[in-house]
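User: Hi! Could you walk me through this one? I'd like to talk about the inside of the protein.
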Amino acid sequence: MRKVKIITDSCSDLTKDLLEKYDIDYAKMATVLNGEESPALLEWSAEDVHKFYELMRSGNRITTTQVPVEEFNRIFKKYLDQDYDIVYIGCSGKLSGSINTGHLVAKKILVDYPDAQIKCVDSLSSCVGEGLLAIKAAEMANIGKSAEEIAEYILEIRNTVHEYATVHSLDTFRRAGRVTASSAFFGNLMGVKPILVSDAQGAQAAFKKVKGRQSSLKEIVNLLKESIIDEENQTVYIAHADCSDNEVEMLCNLVKENINCKDIYVSYIGPIIGASVGPDTMGVWAFGKEVTFIG
């Protein structure tokens, strides 16, 4: 049986440690600032993270690109030439065109690799939710499962990933045209904090609104507590967009107090997702009941 390589993309927000631990590679998207593109790297330092989000705090609008054809060609051929089959776990098709591009590139490339397989799977998630599915896929690859078996399993479980995140400010949504200037102004003035989820169809949706930062952090933990299953055997993942140490500690303590999980893993929200949600966003992720909400 052929070896299987798990590939994800810049939206997965897997850290360098997790990429290395599970032997996962990723196709790179890009961020765009003042017309200049930069690769959206996940192996960034705390200093890199702070610099990126400070640009946004200063009023700069950062946009993003999907995975280009050339990048898919590069990364697919890299592993096909090493006799791997490939499972690509991509960002939700509701948020990025990358999964469709991956399908098209794979179909074209496989003409020259008739014995190989490339399975492109829409995660219906982004950020850590996408990364969790890539980790599950890598665990299966490490015990010798085939590309087809892995792809089928990820399709079965992708709607059991739960994301609950809260943004600190509506300014990023205003700059992106997702809310009006007046809505952002009055929302910020009143301390409104939308709770964002990845819905059953893979769209990012506002699940509810909470007033106040502390209340919003408590609410995302409460929502995860209601959704999670088999919590004793799970790691709860926390990701944040350059939040203060005090806020990160507060969220960790809330998880510890309310969810009997085996571990907590803290990381950063990466450049692609960060460009959309803005600085000081915080979120929690774990597997749980089937997601049925549609925004």
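Analyst: Happy to! Keep in mind that this is a predicted model. As for the largest cavity, its lining has seven nonpolar residues, three polar ones and one charged one.

User: Which residues line the largest cavity?
Analyst: The lining is made up of Ser12, Asp13, Leu14, Leu18, Val128, Gly131, Leu132, Ile135, Tyr237, Tyr265 and Ser267.

User: And which element gives the largest share of that lining?
Analyst: That would be helix 5, with four residues. Both helix 5 (127–142) and strand 12 (263–268) supply at least two residues each.

User: What lines the second largest cavity?
Analyst: Leu124, Ser125, Arg158, Asn159, Val161, Ser198, Asp199 and Val291 do. By class, that lining splits into three nonpolar, three polar and two charged residues.

User: Switching topic to helix 6: which of its residues are buried?
Analyst: In helix 6, which spans residues 147–157, the buried ones are Ala147, Ile150, Ala151, Ile154 and Ile157. They sit on the same side of helix 6, because they cover an arc of only 140° around the axis.

User: Nice. Why would residues three or four places apart point the same way?
Analyst: An α-helix has 3.6 residues a turn, so residues with that spacing point the same way.

User: And what covers the buried residues of helix 6?
Analyst: The cover includes helix 5 along with strand 1 (3–9), strand 6 (84–90), strand 7 (118–122), strand 8 (161–166) and strand 13 (282–287).

Key:
Residues numbered from 1 in each chain as written. Predicted model: local features only at pLDDT ≥ 70, side-chain atom pairs only at ≥ 80, totals over all residues. Heavy atoms only, no water. 1 Å grid on protein atoms, 1.4 Å probe; cavity = no way out; pocket = protein on both sides within 12 Å on 5 of 7 lines; lining within 4 Å. Nonpolar A, V, L, I, M, F, W, Y, C, P; charged D, E, K, R; others polar. Buried < 20%, exposed > 50% of the residue type's maximum accessible area, 1.4 Å probe, protein only. Arc of directions from axis to C-beta. Contact = heavy atoms within 4.5 Å.
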